[in-house]
Amino acid sequence: MLSFILVVLILFLIPGPAVLLTVTQTANGGRKSGIITGVGIAVGDLIHTVAAVLGLSAILMTSALAFEIVKYLGAAYLIFIGIKSFLEKAKSQTEAVAVANPSSAVTSFRQALFIELLNPKTALFFLAFLPQFVHHNGTPVVLQLLTLGLTFVLMSILYTTLLAFLTSSIGKRLFSNRNSRFARWQGKVVGTIYIGLGLQLVLQSQK
């Protein structure tokens, strides 16, 4: 378990889609939106863990068609969100927080969950990564895999929450009224990042 935690911490230091999603959502909707985004990503990872344990993720490894379908659905969803963000009317972070409501929190969670679920590479990651830390010591393999997956999810929530706090504190300066020029480009920057993630997903291969 200590080796697993150490490796996961090292992986977290490598910026990936989860980091970009959390940072962009925090910059766009405030700290709460960033934290909820991180929770959505974590729940998606938990579902991937269960799918790996049940053998469902293996379908993406053996079926090129299934991999392509999930990949293009995920890419289309990311590009759709990106275009929507790109066309949104500019607003400061203060205004974004002021209009925050339960529905926006649900939206942040839903978007993060779908984005994580519709990334076939994430499914294959858990399928290949978790079994490397399983020991044949009498403890059921399923229980070990679920324990490792839950540990990863909890660490992920802590990490993305920290990112949300750091990004929020920096964003208050960048998107304040004093920096209205930068704030006008906020939606375009966020939209470009989402579109970029979508195009990156399109270029992913099954190997």
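Visitor: Are F126 and F152 buried or exposed?
Guide: This is a predicted model, in which local features need pLDDT of at least 70, side-chain atom pairs count only at pLDDT 80 or more, and totals for chains, interfaces and linings use all residues. Residues are numbered from 1 along each chain as its sequence is written, and side-chain values use heavy atoms, with hydrogens and water left out. Buried means under 20% relative accessible area, exposed over 50% and partly exposed in between, with a 1.4 Å probe and protein chains only. By these cut-offs, F126 and F152 are both buried.

Visitor: How are the planes of the F126 and F152 rings arranged?
Guide: Rings of Phe, Tyr and Trp (its six-membered ring) pair if their centres lie within 6.5 Å; planes under 30 degrees apart count as stacked, over 60 as edge-to-face and the rest as tilted. The ring centres of F126 and F152 are 5.1 Å apart and the planes stand at 80 degrees, so the pair is edge-to-face.

Visitor: Which helices hold F126 and F152?
Guide: Helices (H or I, at least four residues) and strands (E, at least two) are DSSP runs, numbered from the N terminus. The pair ties together parts that are 26 residues apart in sequence. F126 lies in α8 (residues 120-129), and F152 lies in α9 (residues 141-174).

Visitor: Which residues do ring pairs link into a cluster?
Guide: The whole structure contains ten aromatic pairs. The ring pairs link a cluster of F4, F12, F125, F126, F129, F133, F152 and Y159.

Visitor: How many helices and strands does the protein have?
Guide: From the N terminus on, the elements run α-α-α-α-α-α-α-α-α-α-α. The count is eleven helices and zero strands.
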